[in-house]
Amino acid sequence: MISKAGKALNGHLDHRNPLVFDTHELGRRPGALQRLTRSVDAPGSPALGIDGVIGVPEGAPVELDLRLESVVEGVLVTGTARASAEGECVRCLEPLRQEVAADFQEMFSYPDADDRGRSSKAEPTDDAEDDEDRLFIEDGLFDLEPVLRDAVVLALPMQPVCRESCAGLCSECGIRLDENPGHHHDAVDIRWAALQGLADTVQDGEKDNMGGAEAGVDEKQEK
């Protein structure tokens with residue numbers, strides 16, 4: 001997952017990127033609104049989601065519904081992303097598919113926005129830390145990808161299951177329990193198993209002694 005800080009002061013944005021949006025039509029008059037819908041291909045490297053667990057495959061369609069609102073310090077973007085995520089059930093390890101709807105809201109600041117909201121006693125280091133967490137509009141463009149990545153990760157389950165009632169796998173032999181509902185293994189208490197082993201040893205010893213005694217009786221009878 002790419003952090004927003006890593007994208008806050010990105011290089012020159014490419015308007016051909018489907019996740020880069022143009023705010024020139026919206027303008028900078030506070031209160032101006034613009035609604036957008038766009039279908040984009042899910043970005044990859046890394047995958048859109050939780051790596052190794054569940055995510056939207058690279059190139060899969062992602063439907064975006066956006067609301068852009070112009071405010072004094074920038075553009076407030078509110079929206080929802082819808083897509084199909086793929087992963088593996090953590091219980092039975094079978095492939096699964098899950099529909100995801102990720103809601104988000106993010107402020108994209110103008111580089112020349114005033115600092116009237118900041119404390120006059122704020123230290124320069126405080127300003128630098130704030131800037132690391134901010135996303136900016138560059139030449140009227142903003143990149144939605146870091147926001148989309150964060151929103152999708154939060155909307156996906158950390159431990160996906162194919163269904164809530166999934167019984168998982170047998171811990172001893174690995175067979176799917178849903179396909180074998182009567183499957184079980186006889187449980188043996190290790191304490192009783194140890195006693196059983198001792199009893200078997202005693203019985204074997206008694207048999208040996210009995211065999212020796214019978215041999216002695218036979219020798220006496222021969223004499």
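User: Does R67 count as buried, partly exposed or exposed, and at what relative accessibility?

Analyst: This is a predicted model, and every value discussed here is computed from it. Exposure is read from the relative accessible area, with buried meaning under 20% and exposed over 50%. R67 has a relative accessibility of 26%, so the residue counts as partly exposed.

User: With which residue does E69 form a salt bridge?

Analyst: The general idea is that side chains of opposite charge can pair when their charged atoms come close. Here, E69 pairs with R67, and the closest N and O atoms are 3.3 Å apart. E69 is partly exposed as well, its relative accessible area being 22%.

User: How many salt bridges does the structure hold?

Analyst: There are six salt bridges in the structure. One of them joins the side chains of R28 and D112, with an N to O distance of 3.3 Å. This pair links distant parts of the chain, 84 residues apart. R28 belongs to the loop between β1 (20–22) and β2 (33–41), and D112 to the loop between β7 (95–109) and α2 (124–132).

User: How exposed are the two partners, R28 and D112?

Analyst: R28 has a relative accessible area of 48% and is partly exposed. D112 reaches 54% relative accessibility, and therefore counts as exposed.

User: Where do R149 and E145 lie?

Analyst: Both residues are in helix α3 (residues 145–155), four residues apart, which is about one turn of the helix.

User: Which residues are in contact with E88, leaving aside its neighbours within four places in sequence?

Analyst: Contacts of this kind show what surrounds a residue apart from its sequence neighbours. For E88, they are V53, L93, E94, P95, L96 and P160. E88 lies in strand β6 (residues 74–88) and is partly exposed at 43% relative accessibility.

User: With which side chain does the side chain of S109 make a polar contact?

Analyst: The partner is the side chain of R134, at a distance of 3.3 Å. S109 has its place in strand β7 and is buried, with a relative accessible area of 5%. Leaving aside neighbours within four places in sequence, R134 is listed among the contacts of S109 together with E73, G74, L135, F136 and I137.

User: How many disulfides does a search of the whole structure find?

Analyst: The search finds zero disulfides. The test is a distance between cysteine sulfur atoms, with a cut-off of 2.5 Å. For C89, the closest cysteine sulfur is that of C92, and the 3.7 Å between them is too far for a bond. C170 is likewise in no disulfide, the nearest cysteine sulfur being that of C173, 3.7 Å away.

User: Are C89 and C170 buried or exposed?

Analyst: C89 is buried, with a relative accessible area of 0%. C170 is also buried, with a relative accessible area of 11%.

How values were computed: Residues are numbered from 1 along each chain as its sequence is written. This is a predicted model: local features need pLDDT of at least 70, side-chain atom pairs count only at pLDDT 80 or more; totals for chains, interfaces and linings use all residues. Side-chain values use heavy atoms; hydrogens and water are left out. A salt bridge is a side-chain nitrogen of Lys or Arg within 4 Å of a carboxyl oxygen of Asp or Glu. Helices (H or I, at least four residues) and strands (E, at least two) are DSSP runs, numbered from the N terminus. Buried means under 20% relative accessible area, exposed over 50%, partly exposed in between (1.4 Å probe, protein chains only). Contact means heavy atoms within 4.5 Å. A polar contact is a pair of N or O atoms within 3.5 Å; within protein, one must be able to donate a hydrogen and the other to accept it, and residues adjacent in sequence count only if both atoms are side-chain atoms.
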